[in-house]
Amino acid sequence: MELQNDPTLLWFIGLYAVVMIGIGIFTSKKVSGSEDFVLAGKSLGPFVLMGTLLATWTGSGSISGGETSMAFSYGIWPALMLMLPTLLGIIILYVIAPKIREFGKFTVSGILQAKYGRKSRNIASVIIILAYVGIVSYQMKGFGFILNLTTGMSVGLGTLLGGIMIIFLAMIGGLRSVSQTDAISGFLMVGGLIITVPTIIAVAGGWGDIVANVPESHMTATGGLTTIQLMGYLLPSLFLLLGDQNMYQRLASSKGDSSAKKGQIGWLIAMIIISPSISIIAFASRSIFPNIDPGMALMATTLALPTVIGGILLASAASFIITTGNSYLLSAATNLTYDIYSNYVDKEASDKKLLGMTRLFIVILGVLSYLLIRYFPTVLSVQMYAYTVYGAGLTPALLAVFFWKRVNAIGGISSMLSGVVATLVWELILQKPFDINSVVIAVPIAVIVLIVVTLMTTSGNGNNREPVNA
């Protein structure tokens with residue numbers, strides 16, 4: 001089947017955009033200060049928390065990269081496996097959520113500083129900003145794919161428009177508005193995907209016809225990938241999720257431990273529905289549209305579905321993208337404000353000024369995100385890079401704060417630096433030898449350095465030597 005633009009689907013995107021902007025403007029009037037802007041006044045109940053966790057985690061990385069690209073390029077089983085790291089990550093976060101709330105920090109960098117000292121906070125802030133700018137960038141491109149499909153507009157122009165909307169929603173009300181739009185988008189995602197799965201299978205002629213129209217390797221366990229290549233796709237999402245500042249901020253923003261637990265359980269259940277649904281839809285798309293860009297697999301099915309169902313799916317896809325983009329943009333801007341600006345530029349800044357600077361940094365980082373996506377050929381490539389920079393650079397040192405009392409400052413900082421350096425060398429200098437993603441190299445290096453350096457630099461009784469604010 002050939003792709004043919006269907007401008008009528010744009011009405012669904014337009015309606016979604018109007019509702020989200022309206023909610024953003026309404027909730028922005030309730031923002032009373034910088035903490036309210038960043039942590040929503042620690043007022044998130046279980047349903048809103050579940051929705052914002054779900055919408056933040058499931059974005060263009062899933063519908064233009066992740067499960068979508070994996071299902072289209074390698075088959076149904078590798079795509080379904082991508083759900084496992086997410087489920088494992090949610091379970092681990094469930095265990096440490098009370099400790100996250102105890103820290104009460106605006107940023108992951110603040111947690112790291114409490115254990116490893118000020119230098120770790122500075123390094124972490126740079127890592128987070130580098131990774132999150134990358135993540136925001138491919139949300140913008142995902143929105144460009146949507147407008148390209150519906151109107152024939154160039155992906156470049158669509159990316160620009162997506163960037164403007166992401167920046168606006170993040171800037172106007174912070175987490176106070178983002179959490180509300182996230183919650184609505186989360187439930188829209190679940191509903192849209194549940195309706196689409198049986199419909200697209202029927203449109204494609206049934207499961208038998210779908211399987212018959214894809215390469216034989218697409219029905220194997222690894223889809224033609226070697227085991228180490230497959231691990232290179234599975235591990236980045238796990239290590240990003242376990243250290244993701246967005247998740248830590250949202251858990252810290254809940255009303256209490258009970259709300260956090262209920263919200264996370266709901267998030268787990270929703271992911272069990274969403275992740276396989278995306279994989280199945282994209283796999284069916286491989287049968288219907290064999291020659292399209294892998295990143296467009298899920299959204300292309302909107303052109304083969306009945307208009308109403310296709311429109312709902314497209315609106316769901318837009319909600320994936322916009323909510324994830326504005327969440328990561330807000331989070332990165334928070335780092336710039338509280339870890340860099342207030343510590344080194346204006347230590348006496350008023351609460352009002354911090355709020356204004358956060359909004360300004362949202363715009364600046366949004367522009368940088370738009371520029372970055374022009375230098376990566378596919379969504380999946382920038383996704384794997386951004387995930388690994390973050391996962392290898394921060395997650396081992398961050399998890400050690402909660403699970404290993406003996407870890408010290410030099411061990412944590414050495415791990416962070418080695419993880420980032422290993423990622424950049426493997427990706428940018430060596431150009432991914434053997435087509436293996438850098439996570440397979442960088443994460444083990446970061447973990448080994450963390451353990452070895454800590455053991456070599458602690459006293460015999462295991463006491464840490466570093467001062468907390470060194």
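K432 is placed in the loop between α20 and α21. Helices here are DSSP runs of H or I with at least four residues, numbered from the N terminus. This is a predicted model: local features need pLDDT of at least 70, side-chain atom pairs count only at pLDDT 80 or more, and totals for chains, interfaces and linings use all residues. Residues are numbered from 1 along each chain as its sequence is written, and side-chain values use heavy atoms, with hydrogens and water left out.

Phi of K432 is near 50°, a positive value in a residue other than glycine. K432 has a relative accessible area of 23%, so it counts as partly exposed. The classes are buried (under 20% relative accessible area), exposed (over 50%) and partly exposed in between, with a 1.4 Å probe and protein chains only. Q431 is found in the loop between α20 (409-429) and α21 (439-457). Its phi is also positive, near 60°, and Q431 is not a glycine. At 57% relative accessibility, Q431 counts as exposed.

**Helix packing**

Two packed helices are described by the angle between their axes and the distance between the axes. Axes are lines fitted to C-alpha atoms, for helices over the stretch in contact; angles run from 0 to 180 degrees between N-to-C directions. Angles under 35 degrees count as roughly parallel, over 145 as roughly antiparallel, 65 to 115 as roughly perpendicular, and the rest as oblique. A crossing is left-handed if the near helix is turned anticlockwise from the far one by less than a right angle, and right-handed if clockwise.

| Helix pair | Axes come within | Crossing angle |
|---|---|---|
| α9 (residues 118-151) and α16 (residues 307-345) | 8 Å | roughly 155° |
| α16 and α17 (residues 351-372) | 8 Å | roughly 125° |
| α5 and α14 (residues 257-288) | 8 Å | roughly 40° |

Take α16 and α17. Their angle of roughly 125° makes α16 oblique to α17. The crossing is right-handed. On the α16 side, the contact (heavy atoms within 4.5 Å) includes L329, L330, A332 and Y341. The contact divides into twelve nonpolar residues, four polar and one charged. Ala, Val, Leu, Ile, Met, Phe, Trp, Tyr, Cys and Pro count as nonpolar; Asp, Glu, Lys and Arg count as charged; the others, Gly among them, count as polar.

Next, α9 and α16. The two helices cross at roughly 155°, and are therefore roughly antiparallel to each other. This crossing is left-handed. Their contact has 20 nonpolar, ten polar and three charged residues.

α9 itself has 34 residues. From first C-alpha to last it reaches 50 Å, close to the 50 Å expected at 1.5 Å a residue. The expected span is 1.5 Å times one less than the number of residues. Of the 34 residues, 27 are buried, so α9 is largely enclosed by the rest of the structure. G152 follows α9 and has a positive phi, near 85°.

**Helix α5**

α5 (residues 66-74) has eight of its nine residues buried, so the rest of the structure largely encloses it. The buried set is G66, E67, T68, S69, M70, A71, F72 and Y74. Just after α5, G75 takes a positive phi of about 120°. The α5–α14 crossing is right-handed. α5 contributes E67, T68, A71 and F72 to that contact. From α14 come S275, I278, S279, A282, F283, S285 and R286. By class, the contact has five nonpolar, four polar and two charged residues.

**Helix α3**

The twelve residues of α3 (residues 46-57) should span 16 Å at 1.5 Å a residue; the end C-alpha atoms are 16 Å apart, which agrees. α3 is mostly covered, with nine of its twelve residues buried. Among them are L49, M50, G51 and W57.

S237 lies in α12 (residues 227-243). Its relative accessibility is 10%, so S237 counts as buried. S237 and Y387 are 150 residues apart in sequence, yet 6.4 Å apart in space, C-alpha to C-alpha.

T159 lies in α10 (residues 155-203). At 5% relative accessibility, T159 counts as buried. T159 touches M140, K141, G144, Y370 and I373, again leaving out residues up to four places away in sequence.
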